[in-house]
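Please walk me through this structure, beginning with a single residue and its surroundings and then widening the view to the whole chain.

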Amino acid sequence: GGEGVRKSRPKSKRSKGDNNSSTVGEAEKKQKKRKGPNHVIVNTKRNKKAKKYSVPHIPYPFTSKRQYEMSLRQPLGRDWNTLKSYQAMTKPEVITKAGAIINPISVKELKRHETAEKQRKAGANAAANRNGGGKRKKRKQKNKS
């Protein structure tokens, strides 16, 4: 130190607040949902930064959440795929020449696209209901010998 400097007291190991802080912490722990061991406190808050990476509904070509997630797990890089498959996977759907003018979508086309999307979803839901909710049942095969 220096002249006139006092030594600071060691900080207490208790949390800041009034003397009842330990009982408040216990009450808070009881309110939390228990999904695992008793010594674990589960944080149920949503991560706002991760929200921008989540999708509100399943994108068009996919019919189930599982199918979409499996496509995300497939690596797209050159290291894991052949050159032809890499080029096919990363090829843009629409190719336009540089400087070409792209007209905006009309209201008729937009409505036609929306109705087609609704019909596609309704057809996928009907197919899933016919198949027992998307789950396949295994049949026992009899050996004819």
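In which loop does Asn81 lie? Asn81 is found in the loop between α3 (65–73) and α4 (83–90), where helices are DSSP runs of H or I with at least four residues, strands are runs of E with at least two, and both are numbered from the N terminus. This is a predicted model, in which local features need pLDDT of at least 70 and side-chain atom pairs count only at pLDDT 80 or more, while totals for chains, interfaces and linings use all residues. Residues are numbered from 1 along each chain as its sequence is written, and side-chain values use heavy atoms, with hydrogens and water left out.

With a relative accessible area of 17%, Asn81 counts as buried (under 20% relative accessible area, with a 1.4 Å probe and protein chains only). The side chain of Asn81 reaches the backbone oxygen of Pro75 at 2.8 Å, and a polar atom of that side chain lies 3.3 Å from the backbone oxygen of Gly77. Leaving aside residues up to four places away in sequence, Asn81 touches Gln74, Pro75, Leu76, Tyr86 and Met89, a contact being heavy atoms within 4.5 Å.

Turning to the chain, its secondary structure comes to five helices and zero strands, which follow the pattern α-α-α-α-α when read along the sequence. Of its 145 residues, 3% count as buried, and among contacts between residues at least 6 apart in sequence, 10% join residues at least 24 apart. The accessible surface of the chain, computed by the Shrake-Rupley method with a 1.4 Å probe, comes to about 15,900 Å², of which 52% belongs to carbon and sulfur atoms.

Technical notes:
Buried means under 20% relative accessible area, exposed over 50%, partly exposed in between (1.4 Å probe, protein chains only). A polar contact is a pair of N or O atoms within 3.5 Å; within protein, one must be able to donate a hydrogen and the other to accept it, and residues adjacent in sequence count only if both atoms are side-chain atoms.
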